2 protein chains.
Amino acid sequence: MNNFIFHNPTKLIFGKGTIATLTTEIPKERRVLVTFGGGSVKNNGVYDQVKEALKEHTYFEFWGIEPNPTIETLRKAIKLGKEKSCDFVLAVGGGSVADGSKLIASGILYDGEPWDIVIKREYSAEKSLPLACVLTLPATGSEMNRGAVISKKETNEKFAFYSNTPLFSILDPQTTYTLPDFQISCGLADTFVHVIEQYLTTPGQSPLMDRWAEGILKTIVEIAPRIIDDRTNYDDMATFMLSATMALNGFISMGVTQDWATHMIGHELTALHGLTHAHTLAIILPGTMWVMRSEKGDKMIQYGKRVFGVDIQDRDEAIVEIIRRTEDFFLMLGFKIKLSENGVTIKTIDEIERRFTERNYKLGENRSVTPAVAREILERVF
Amino acid sequence: MNNFIFHNPTKLIFGKGTIATLTTEIPKERRVLVTFGGGSVKNNGVYDQVKEALKEHTYFEFWGIEPNPTIETLRKAIKLGKEKSCDFVLAVGGGSVADGSKLIASGILYDGEPWDIVIKREYSAEKSLPLACVLTLPATGSEMNRGAVISKKETNEKFAFYSNTPLFSILDPQTTYTLPDFQISCGLADTFVHVIEQYLTTPGQSPLMDRWAEGILKTIVEIAPRIIDDRTNYDDMATFMLSATMALNGFISMGVTQDWATHMIGHELTALHGLTHAHTLAIILPGTMWVMRSEKGDKMIQYGKRVFGVDIQDRDEAIVEIIRRTEDFFLMLGFKIKLSENGVTIKTIDEIERRFTERNYKLGENRSVTPAVAREILERVF
């Protein structure tokens, strides 16, 4: 096991009716910038609950943080927060609103151009406002981690940066009952691949972390078909919501290496083609598994056996079956998992290889996913 | 799933050579009270590492916190801390040193009799000094939770109280290489039963928490025989240490009910007979399982199947086998698991029933372990 530091101070407030706790969780003297996405919270009752909880607070609303939040939009929110002297940010929505709000929380206290916080790593823990979340879409885990991904429309770029973890996050599974099919599928796929990135690496690093990762994967595989049919079963949606948060809050990555090549390739597909993040993961992961099957073979066998019950003696046959089961999971969620089915051309593969070469990327847990290997992965799922 | 609040801000610093991080983790201006147990840290190099790391700090040493720390000893530490105007407490040792130091951290800022902090719940988060731990014995989980158990020799009493979680805890698995056999066995049993108390309750509350609990149990069952043979395998000891911390830091109890009847009965055996905490758990748990088998039957079947691979069709036979496997685990650790083998008489059972009746205890996840049921459990393992 590798040395590690684990520290996740986010307070998780989970369950029915918990949005009302905003009243006491945010000190009354705070001036709150409340950030939203496109407006779905006005139809599912979340907006009304937030308003009711904050009726004695001073707050200002910012609407319109889009999926894959852009610096162009976030600049406007930062401007509003500065104008109104806000000293607390409350994100109400899914992972994009949470991610965007992490930049807003830093940007309000930053004098320069906010994009520099992302690309020049200008973030500072002390120079960020406290941030809290009301989560309405289980997927990214942003509600309980330091990460955020911000896009720049102008240059079709998408980069991660690290911020403070939210002070607290409120997760009421009832808020997910009205999510559209596609967002449910994306949330399930996103959760699944987050776990895979921290798990499908070198075997034998930590038997406990392995079992916790497999525990999330098995749970997601078990509940996904039921959720696709019916998203109003409280216990299933609560399990989904809890799994998504636990998939990317550091709980399953203690002392083990991590991959993230699939994510890095996927980010480029989003930046260049606007494909939804989770959809890119569903496309790329089977390619990563195929191309990296000699490096990842032993762990893939363990994954196949423990998560899907694949028990085939012949190693090559087992690996083919395990990749097929993984693809089947994404197909069951309704994704088209080939690049060519999604309007991506060979020109895009050329561009991604070019960008990775320019950035001198060596991705994956062993730094063996060179730009040429990334190309091979993309061609495999073309 | 039940509503819950999860909040565990302890920073975990885990791995080889991490004691040296004390130098930077404790601010230089702090006046540190460093608390120790009986002195084993002088033989295994831990004391030297702590001294080296704190050589530029102002610190005062308090020695002699005993297993099942007593208020009588802790009063002396509190007195020293007050005299020296300490404003930081560093516990160096196992769970007893950590537990005792939680009381010390509160007691130094408390004007009254420290025992009141325990029995009158006089603890306050604000009126407690920051506490950190260097853990040398994986067992209680105290290094990453709010709980502590304090004994009073004068009256043979033992009570739990809740404090702040440690600010940070340093876990270097190499510090466990020199632990005596009995402490290793106690640590493994303690970890195992901590998980059981949060898991062996009503089935179907959270499939994810179930799998995480089972993940710890399976891991402990897997590594225990190897550790009994050889405690110098780094990866096994690291897995043990990580499992013990994860067993009682809230990570496996989100949204589910908890039992703790075995612990409550066990505490009395320690208070009245001085039996080591983990040893009392190894004695009592099989009794709890037997007496509560109708209430806990469904979850016991799941536990038996997933942890021990017990796959017997007949329910009664399966339950007998599952209890036998649990007993075998404790026997393999070297415990005598009958009360009568450990010098406990029927008079003790009378006294425990009397105390529980006086306190009007209704224990267990369904409040169904009345004083009479506790007696039945004790008689079962007599």
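Two residues are in contact if their C-beta atoms, placed from the backbone, lie within 7 Å. By that criterion, 34 residues of chain A are in contact with 34 residues of chain B. Of the interface residues of chain A, 100% are also interface residues in chain B, so the copies meet through the same surface.

This is a predicted model, in which local features need pLDDT of at least 70, side-chain atom pairs count only at pLDDT 80 or more, and totals for chains, interfaces and linings use all residues. Residues are numbered from 1 along each chain as its sequence is written, and chains are lettered from A and ligands numbered from 1 in the order in which they are written. Chain A has a mean pLDDT (the predictor's confidence in each residue, from 0 to 100) of 96, with 100% of its residues at 70 or more. The model has ipTM 0.96 and pTM 0.97.

Chain A is superposed on chain B by a rotation of 180 degrees with 0.0 Å of shift along the axis, at RMSD 0.0 Å (least squares on the C-alpha atoms of residues with pLDDT of at least 70 in both). That is the relation of a two-fold axis. The residue of chain A that comes closest to the axis is A:P9, its C-alpha at 2.0 Å.

The side of chain A that touches chain B divides by class as follows.

| Class | Residues |
|---|---|
| Nonpolar (Ala, Val, Leu, Ile, Met, Phe, Trp, Tyr, Cys, Pro) | 17 residues |
| Polar (the others, Gly among them) | 11 residues |
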